[in-house]
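Trainee: I have a new structure to look at, and I would like to learn how to read it. Could you guide me through it?

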Amino acid sequence: MKSSYLYLTCCLFFYALAWTSADSPKSRPDSHAPIGVMGDHGHKSREVMFSYRFMAMDMQGLQSGTTSLETTDVLKGFMVTPTQMGMQMHGFGAMFAPHDKLTLMAMANYQFLRMEMEGAHLHKEGDHGHPVGHHEMSSSGVGDAKLEGLLKLWKKPNLTLLGNIGVSLPTGSISKNGADGNPLPYPMQLGSGAFEAWPGVTLFGYHGNWSYGSQLRGTFPWHTNSQEYRHGTAVSVTTWGARRLNDWLSLGGRLFFTHWGNITGIHPELNPHMSPSHRPDWRGGQRLDLAISSNLMVPMGTFAGQRLAVEFQMPLYQNLNGTQLKTTWRLILGWQYAFHL
Ligand SMILES: [Cu+2]
C-alpha cells in the first residue's frame, strides 16, 4: 500500500509540473536514446509511432555474490541446478501524442525462455522423483504488458526533462509448468503476476553533434500475486552519450546500473531445497552494464521516419544474492516508424 501512495504522490507532482513550456526535438538519428532505453522520448501533438524490438539474452555459469561457483559445488546442496538460461523476446509498441506535452505508450511482448539444468546423482538410490543428469526446460507466451504516459516536464532548446508514469499489467503467466507437470522455477515464469508501478524521470540533451541523457526508473509491485509471492522492487539508472555521424547514423554508448530485490513470500509448490532457482530469497542482485549502440534513421524519401537500431550489452559487474546464473550478454534490435496523423 505504501508504494501505491508514493506512486500517486509522484503522479500528482508530475502533473503539477507538466504545464511549463513547449516544443520538440529535431529529427536526427540520436534524437532517440539507445534502443535499450524505454520511454526516452515524447512525440509532437498528433504524432504516432509503432515499434518492434527483438531482444536476446544469455546467462551462463553460477555465481554467489561476486564469486563464481562450480556446478559440482552447488550440487552438494541441491538436487538440481540451472547451468544456462536463454531468453528471446519480441516486443511491440505503439505511441501516440494527444498533445505536445503528453505522449501515451503501450507495449506488449512475447517471450521464449529456456533453461538448462544439471542434476545431482549423489542422493540415495531409488529416489528419482525428479530428473537426474542434464535436462532442459522451456516456456513461452505473452509477457507483462506496459502502459505509460510521458510528460514533458520542462523544455529548453537543447534539453528536455520527461516524467515517465508507467504501469505494468500482469498479462504474463505465472503458472507455467514443466513437462513433468511441476511448476517451473521463478525465472522461467513469464510475468510478475502483479500490477506494478513503473515511474521514472528522463533527461535528454543535445550539444552540437553530440547528444546525452539519463534516466532513473523504478518498478514497484503493488501486491502479492496469486501464487503467494511478490517480486522485489527494482531501481535502475542509466546515462548515455551518442555522436551523430551524419543525417542518418549515430553511435552511442551507455552505462546502466540496476538493483533488484529478492522475491518475498513463496510459491507453495516450489521446494526451495530442490534448486537454487527455487529459492525466493536468492533472486535479487545488482549489476552494472556497459552497452554500445547505433541508431539509423531514414531522413527523407519514401521511408522517411523509419528507424533501425541495435544495442549490445555486457555486464561489467554483478553481485547476486545467493547462488544464481550470471548474465553474459544481451542484444536488442529495434525498428521504429513515426508519422503524423
Ligand atoms: Cu516514439
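**Reading the model step by step**

Mentor: Gladly! This is a predicted model, so begin with confidence: the mean pLDDT of the protein is 90, and 89% of its residues reach 70 or more.

Trainee: Over which residues is the pLDDT below 50?

Mentor: That is the stretch of residues 8-26, which has 23 contacts in the model beyond near neighbours in sequence. Where pLDDT is low, the predicted coordinates should not be read in detail.

Trainee: Next, how many helices and strands does the protein have?

Mentor: There are 2 helices and 15 strands. Of the 341 residues, 38% count as buried. Look at the contacts too: among those between residues at least 6 apart in sequence, 70% join residues at least 24 apart.

Trainee: How should I follow the strands? Which strand does E4 join through 6 bridges?

Mentor: Its partner is E6 (residues 145-156), and the two run antiparallel. To find your place, look for Leu102, which stands opposite Leu151 in E6. From there, E6 pairs with E7 (residues 159-169), again in the antiparallel sense, over 11 bridges. Lys146 faces Ser168 of E7 across this pairing, and E6 and E7 form a hairpin with 2 residues between them.

Trainee: You mentioned a positive phi. Which residues other than glycine have one?

Mentor: Here is the general idea: most residues other than glycine have a negative phi. Two cases to look at here are Arg46, with a positive phi of about 70°, and Glu228, with phi near 70°. Arg46 sits in the loop between helix H1 (2-18) and E1, while Glu228 is in the loop between E9 and strand E10 (229-230).

Trainee: What about the inside of the protein? Which residues touch the most other members of the largest nonpolar core?

Mentor: In soluble globular proteins, nonpolar side chains tend to be buried together. Here the largest nonpolar core has 13 residues, and Met85, Met115, Met117, Met137, Met188 and Leu325 touch the most other members. The elements giving two or more residues to this core are strands E1 (47-65), E3 (80-99) and E4 (102-119). E4 gives the most, with 3 residues. For a closer look, select Met115: leaving aside neighbours within four places in sequence, Met115 contacts Pro82, Met85, Glu136, Met137 and Met188. A second, separate core of 10 residues includes Met49, Met105, Leu151 and Ala338.

Trainee: One last thing: how many residues apart in sequence are Asn182 and Glu269?

Mentor: They are 87 residues apart in sequence, yet 7.9 Å apart in space, C-alpha to C-alpha. You will find Asn182 in the loop between E7 and E8, where Asn182 counts as partly exposed, with 15 C-beta neighbours inside 10 Å.

How values were computed:
Residues are numbered from 1 along each chain as its sequence is written. This is a predicted model: local features need pLDDT of at least 70, side-chain atom pairs count only at pLDDT 80 or more; totals for chains, interfaces and linings use all residues. A nonpolar core is a set of buried Ala, Val, Leu, Ile, Met, Phe, Trp, Tyr and Cys residues joined through C-beta atoms within 7 Å. A residue is buried if 20 or more other C-beta atoms lie within 10 Å of its own, exposed if 12 or fewer, and partly exposed in between; C-beta atoms are placed from the backbone. Helices (H or I, at least four residues) and strands (E, at least two) are DSSP runs, numbered from the N terminus. Two residues are in contact if their C-beta atoms, placed from the backbone, lie within 7 Å. pLDDT is the predictor's confidence in each residue, from 0 to 100. Two strands pair if DSSP finds at least two bridges between them.
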